[in-house]
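Colleague: I would like to go through the terms used for this structure, one by one. Please set each value against its definition.

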Amino acid sequence: MRTDAPTQAAILAGSAVLLVAVAGASVSVGAHAVPPAEIWRAFADFAGTDDHLIVRDVRVPRTILGICVGAALGASGTLIQTLTRNPLAEPGVLGVTAGAGFAITLGGVLGLAGSQPAQLLLAALGSALAALVVYAVGRTSPLRLVLAGVALSSVLAGLSLGLRLMLPDVFDTFRFWSVGSLAGREQVSLTLPLAAIAVALVAALLVTRPLNAMVLGEQVAHALGGHTVRTRVGVLVIVTLLAGAATAVAGPIAFVGLMVPHLARRLSAGSIPWLMAHTVVLGPVMLLVSDIASRVLLPTGEVPVAIVTAFLGGPVLIWVVRRYGAVSL
Amino acid sequence: MNTIVLRVGRYSVLVERRTVLVSLALAGAGLALALVGLCHGASWATPSEVLSALAGRGDSVVVIRDWRLPRVAAALVFGASLGLAGAIFQNLTRNALGSPDVIGLDAGAYTGALFAITVLSGTAAQLAIGSVIGGLLTALLIYVLSLKSGLSGLRLIVIGIAVNAILTAVNSWIELRAELDVAIAATGWSAGSLNGIDWDEVYLPFLIIGGLMLVLVTLSHAMHQAALGDELAVTSGVSLNRLRLLIVLVGVGCTATVTAIAGPIVFIALAAPQIGRRLAGAAGVTLVPAALTGAALLMAADLVAQLLLAPMALPVGVVTTAIGGCYLIWLLFREVKRP
């Protein structure tokens, strides 16, 4: 792949077409299949039939949610992988999303997570704390970082299972934050979290230029006039915001932020800004495909999408470990 | 003298004095916890009542011997079995993190057991065989995937973690797909639980675990030589490949048998060998302290699980996950601080 702008723009346009197709499938497929023609009519010629209501009130909001969460998870994975130069880094694997989910659960049990701003704040706090703990424990090697993240995730999973059994009534409302899923979020107002994700995504695209210099090494970046400390802190804030907001609306979803950057890296030929652009388009594709699979895998009902991403992402983790091992990016 | 020679007829063993003392203390702790476990229940029985009931006297013979004793015995035997499995795999990978629960053997055994329940009729024998096959296939998969980098090192562990993630996803999918009654039974079980175990369920696993332990006793000398290093082991007449194959089979058998009955109880296999090794002050991971620590740990965790939310009983796996995960983080943290 070449890095010149026309080639990269063509690839990006191709990915965007793919995203539109997948989004169309996501609106159409489900417990009640809606033919494409009806989807068009639901907007152009709304008649209030069941098909139209399903499309407008359930499928389209869910698809938009999937696009935003997928872009947020992919972008945060790219940022962490680039900043730490760790091919295995990802907010889900590192326990950052589990931290956000558990913070909301705990806040809910204590009666603090009633409003959406409170949930967002708790998610951001939780993901920042989890990131700090995991980094402090595992900073010496890429593989150790993964181990620390997995250990933290399993502690939090055990604790939230315990809470669920202890307080079944209170916890039922917040059970959602222990396994990530896009289902049943259509009725919740998504304006605030999606706006937060949109702002953070713009910031993520802007931060790629200084990051591009950092890839050459701290000293070189400094000599080129970059503010390394400022970039580092900025990236961490953006990652926390992206992973926190995505978890606040969809619960902890692992492996999307791991798979997508590795895929996008093969297309972007070493340019960090293009890598970020591809990630933002391919992240939603990956999450929507997983979400469609989560609707058709069971004869009745749905699998939480986090289970599908784990199934798809596990092999990718194995591939990355075999390819890179303990080597830095 | 720091060592003692034990002789039985023609056979003799050389053991460290500290190992013997620590093992006796651990066995004592396990039995004391077991006594508490027998006393605790819907109504508290005094230790003297328990002892007379065990001897077959008193009013509470049925409660103690038929209801509480199987659970307590299962906690001790399964804990020992998990501790042994952990010690075997930590020896093999020469890594404190290379225990069967971290690298996905528990999850694989559980997949096999779920398959036996949902597709076959789910008899005790099918469960046991299914989970052993599941565990062995998982071990084989991880071995093949990490061939390039060898058996030791963190790479194998992270590959195991990935396999664990895939299998856990598959397991949740099977549970969600299954008929409702199977799914409800399996969900209490998926966290690992000793609730509602009775004698009929544990005869076969106890026999299998006993058999595996006997095999391990006959292998222990060769394992000791193997721990000295590959060259020394081969020079002193150990057939390394045959030995490794055998102990992998025993280790998977130990994990899978427990999983077939109680579901995946994680982190006992990770923590017991390390704690046992520190207590015994041994150079490597030793089997007897690991097994005894495992028994005491699982017994204690099961008591905590019963007491924490009494009268409701938590699955013991929830307790071991929460405590064991913290232990794993601490283990990593200490390694980071080491220069």
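Modeller: Start with handedness: a crossing is left-handed if the near helix is turned anticlockwise from the far one by less than a right angle, and right-handed if clockwise. Helix 5 of chain B passes helix 10 of chain B in a right-handed crossing. This is a predicted model, in which local features need pLDDT of at least 70, side-chain atom pairs count only at pLDDT 80 or more, and totals for chains, interfaces and linings use all residues. Residues are numbered from 1 along each chain as its sequence is written, while chains are lettered from A and ligands numbered from 1 in the order in which they are written.

Colleague: What makes helix 5 of chain B oblique to helix 10 of chain B?

Modeller: Helices are DSSP runs (H or I, at least four residues; strands are E, at least two), numbered from the N terminus. The axes of helix 5 (residues 124–145) and helix 10 (residues 240–262) of chain B come within 8 Å and cross at roughly 135°. Axes are lines fitted to C-alpha atoms, for helices over the stretch in contact, and angles run from 0 to 180 degrees between N-to-C directions. Angles under 35 degrees count as roughly parallel, over 145 as roughly antiparallel, 65 to 115 as roughly perpendicular and the rest as oblique. Helix 5 of chain B is therefore oblique to helix 10 of chain B.

Colleague: Which classes of residue make up the contact of helix 5 with helix 10 of chain B?

Modeller: That contact has nine nonpolar, seven polar and no charged residues. Ala, Val, Leu, Ile, Met, Phe, Trp, Tyr, Cys and Pro count as nonpolar, Asp, Glu, Lys and Arg as charged, and the others, Gly among them, as polar.

Colleague: Why are helix 4 and helix 5 of chain A called oblique?

Modeller: The axes of helix 4 (residues 96–109) and helix 5 (residues 116–138) of chain A come within 7 Å and cross at roughly 135°, so these two helices of chain A are oblique to each other. Their crossing is right-handed.

Colleague: Why is chain B called as compact as a globular protein of its length?

Modeller: Chain B has 13 helices and two strands. Its radius of gyration (taken over C-alpha atoms) is 20 Å, close to the 20 Å that the globule rule (2.2 Å times the number of residues to the power 0.38) gives for 339 residues, so chain B is as compact as a globular protein of that length.
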